[in-house]
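Please keep the structure open while reading.

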Amino acid sequence: MTTAATLAPPARPAQRLRTWTPWWMALLAGGAAFSGTGSATLNGDELATISSATRSLPGMWELAQHIDGHFLPYYVFMHVWVKAGTAELWLRLPSAIAIGVAAWLLADLGRRLHSARAGVIAAALFAILPSVSYFGAFARSYAFAAAAVVFSFWALHRALDRPRGGRWVVYGVAVALVCSTHLFAVLVLPAHLVLARRAVLAPMVAALAAGCVPAAVLGLIGYGERHAISWIPQRGPEVWLKFPKMAAGTTALGVVLFAMALAGAVVLWSARRADGGGRSPRDRAWALALAGWLILPPLLLLAVSHLLTPVYVDRYLFVAAPALALLAGLAVAAVPRFPVVVATVVVLLGCVLAIPDHLEIREENGRFENIPWALRVIKAEPEDAIVYGQSQLRTGFDYYADSAMPVDVLRASDAPQADGFGYPERSDVSAALDGLERVWVVWRGTKKSGLEGDGIRRVEEVRQSGFELSGAKHSGDLPGLTVALFTRR
């Protein structure tokens, strides 16, 4: 008996290519990100992830009431993840997977907006960005936020293409993920409003509003904890000049891709309807939405900085990187002749321009806080002591150190403080160093920041305890680490 399955024509090669292409691009981008995972050592932010995720759930909730409350969803996820271990590769693997997911969605979104070729080029450009390799090998939520943002635009396209209840639910979930992965990822959401039209206004606004509930909650928590980011200086409009470098992770490629991205927006704006009858209002709306995805985050983040509190930090804007790649991919795919050759040249040229930055972020000091270097500098003798300029550095030294470490004379507890990442310490430095001849002092920052003035309180306390500087070394990049040896006068 003949069945419908036997009568169905075999999948065409083009269909099979369209089905598998996003998966190949996901593997490419995820692999590129994961390739740098085991090179650069963990920095302070990643060690904060370990400190948070290894606490009990009540301990994480207590921490969230004082600092990093907006990271709580990520910390809860990592709390489960680290049950299997805290090795560097394992800690950073979720970010690499998130980059792969972002590339898959980017490839399919490019296909939906223009062509399969556009999706492939966009995903390939995304994969070669040094910023993707950096945040894809970074145990923080920035890669998750980028993936969630791509997911939200992808889900919105599906819902607008065929407005159905289930698709609006998926869109609402995508928006909720954007709001839960990083507080400032929500800065892309106003770009969605450009795509609203009367026929779908009610379900779209309902899904968007429901998805934004986590942002309201986490935003209130974050505003109450703004003291934790008091170190961020106020910025001016000049930071926008650095935005292409920040999004791409390298200056030359960033500027080139930004120019191409503007061209891609023009291409989409100028697209004609499939029947050849004039400009497509839908494509024009998407041109504005993608342009908003790219440029709204830096514009709005600076506005928030001046209206509420300084918050402008480059890494908060990584969510714009997929838009940079997508719009550039649309521009290349629209080249009328030899688009495959042009795409190949563009991607290869991008690789060449990005090589120095890819090599830099894969160095041991690629995260600018090289604790293994500091451990090699410390040549401990029996009965040497160590003092930390910032007590939270103890997390990193506990993670990397072996049994040859100097005695941690100020340690009062093996557990960090419930309301932060620092550790309880003895207050009387002089008594803790009594009878000792040598003490190593480590702090985050330059030699000048600790040895001149009163920038590092512990350094001055060691001096007042009868010690003088014998030598100091700095890791080389800013802020970096400084290791200093003090000996008894």
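In this predicted model, Phe77, Met78 and Trp81 of helix H5 meet Trp90, Leu91, Leu93 and Pro94 of helix H6. By class, this contact has 7 nonpolar residues, with no polar and no charged ones.

**H5 and H6**

- H5 covers residues 72–81, and H6 covers residues 88–113.
- The two helices pack at an angle of about 130°. Their axes lie 11 Å apart.
- That angle makes H5 oblique to H6. An angle has to be over 145 degrees to count as roughly antiparallel.
- H5 passes H6 in a right-handed crossing.

**Burial in H5**

- Leu72, Tyr74, Tyr75, Met78, His79 and Trp81 are buried in H5.
- The partners of these buried H5 residues are helix H3 (44–53), helix H4 (57–64), H6 and helix H9 (142–161).
- Met78 and Trp81 are among the buried residues of H5, and both also take part in the contact with H6.
- An α-helix has 3.6 residues a turn, so residues three or four places apart point the same way.

**H14 and H16**

- Helix H14 spans residues 251–269, and helix H16 spans residues 321–333.
- Their axes come within 7 Å and cross at roughly 65°.
- This crossing is left-handed.
- On the H14 side, the contact is made by Leu257, Phe258, Met260, Ala261, Ala263, Gly264, Ala265, Val267 and Leu268.
- On the H16 side, Leu324, Leu327, Ala328, Leu330, Ala331 and Val332 take part.
- The residues of this contact divide into 14 nonpolar and 1 polar, with no charged ones. Gly264 is in the contact, and Gly counts as polar.

**Cysteines**

- How many disulfides does the model have? The count comes to 0.
- A disulfide needs the sulfur atoms within 2.5 Å.
- Is Cys179 buried or exposed? Cys179 is buried, with a relative accessible area of 0%.
- Cys212 counts as partly exposed, because its relative accessibility is 25%. Buried would require a value under 20%.

Notes. Residues numbered from 1 in each chain as written. Predicted model: local features only at pLDDT ≥ 70, side-chain atom pairs only at ≥ 80, totals over all residues. Heavy atoms only, no water. Axes fitted to C-alpha atoms, helices over the stretch in contact; angles between N-to-C directions. Helix = DSSP H or I, 4+ residues; strand = E, 2+ residues; numbered from the N terminus. Parallel < 35°, antiparallel > 145°, perpendicular 65-115°, else oblique. Left-handed = near helix turned anticlockwise from the far one by under 90°. Contact = heavy atoms within 4.5 Å. Buried < 20%, exposed > 50% of the residue type's maximum accessible area, 1.4 Å probe, protein only.
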